[in-house]
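Visitor: Could you walk me through this one? I'm new to reading structures.
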Amino acid sequence: MAFEEEIRQSVRAIVSDMIPLTIQWAKVDSIDLSNGTMTAIGLEDDLPFEDVLLNINTTGILTIPTIGTKVLIGMVENSDMNALLLMAEEIDSYLITVKNGFKLHLKDDGTATINGDGFGGLTKTPELVKQLNKNNAVLSALIGVINSPAPIPEPGSGSPSALQAAFKTAISGKTLGNFSNVENKKIKHG
């Protein structure tokens, strides 16, 4: 059995030099998102792969693998100088770019950005409407008092005025809108 294994390894060594390598397993070393490339180290031979393309184009879907995980690299025209990511064991994120420049970045932490994060989180519409309705109720009550056909007397000497009392009654039980929970922090846009 040992002799058969020696023959098999010898034949493999001879044949591997004759057949061009088209794909290879590697481990991700670093990511250069601005250039859409990564570096990796071959699992079989520890040789480096520089400038491995994450996609063949600047538009489309970039698969961004997790550093340190296993990836399958394809060699375009059988050249390790023209390497392309084929698949990844673990993915950090996807960056989708269309030719007009629109970008959607989906991340493994459950967040996403649309054209960056300069505008903060997206508004949660039901929460915004709820808070705006509270403010509108307060304003409507105040407007109702002000527009009342009854005259509002001027303030008296040292005691609360009828106007103050009317305003206090109008807003009693109502709260101003709280906008602290309106932002959806999972999706950012800009």
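**A helix and its buried face**

Guide: Helix H2 covers residues 125-146. Its 22 residues reach 31 Å from first C-alpha to last, close to the 32 Å expected at 1.5 Å a residue. That expected span is 1.5 Å times one less than the number of residues. Helices here are DSSP runs of H or I, at least four residues, and strands are runs of E, at least two, numbered from the N terminus.

Visitor: Where do these coordinates come from?
Guide: This is a predicted model, where local features need pLDDT of at least 70, side-chain atom pairs count only at pLDDT 80 or more, and totals for chains, interfaces and linings use all residues. Residues are numbered from 1 along each chain as its sequence is written, and side-chain values use heavy atoms, with hydrogens and water left out.

Visitor: Which residues of H2 are buried?

Guide: Glu127, Gln131, Asn135, Val138, Ala141 and Val145. Buried means under 20% relative accessible area, exposed over 50%, partly exposed in between (1.4 Å probe, protein chains only).

Visitor: And how are those buried residues placed around the axis of H2?
Guide: They fall within an arc of 115°, so they line one face of the helix. The arc uses directions from the helix axis to the C-beta atoms.

Visitor: What do they pack against?
Guide: Helix H3 (162-171). On the other side of H2, Thr125 and Pro126 are exposed.

Visitor: New topic. How many helices and strands are in the chain?
Guide: The chain has 3 helices and 11 strands. Buried residues make up 24% of its 190 residues.

How values were computed
Contact = heavy atoms within 4.5 Å.
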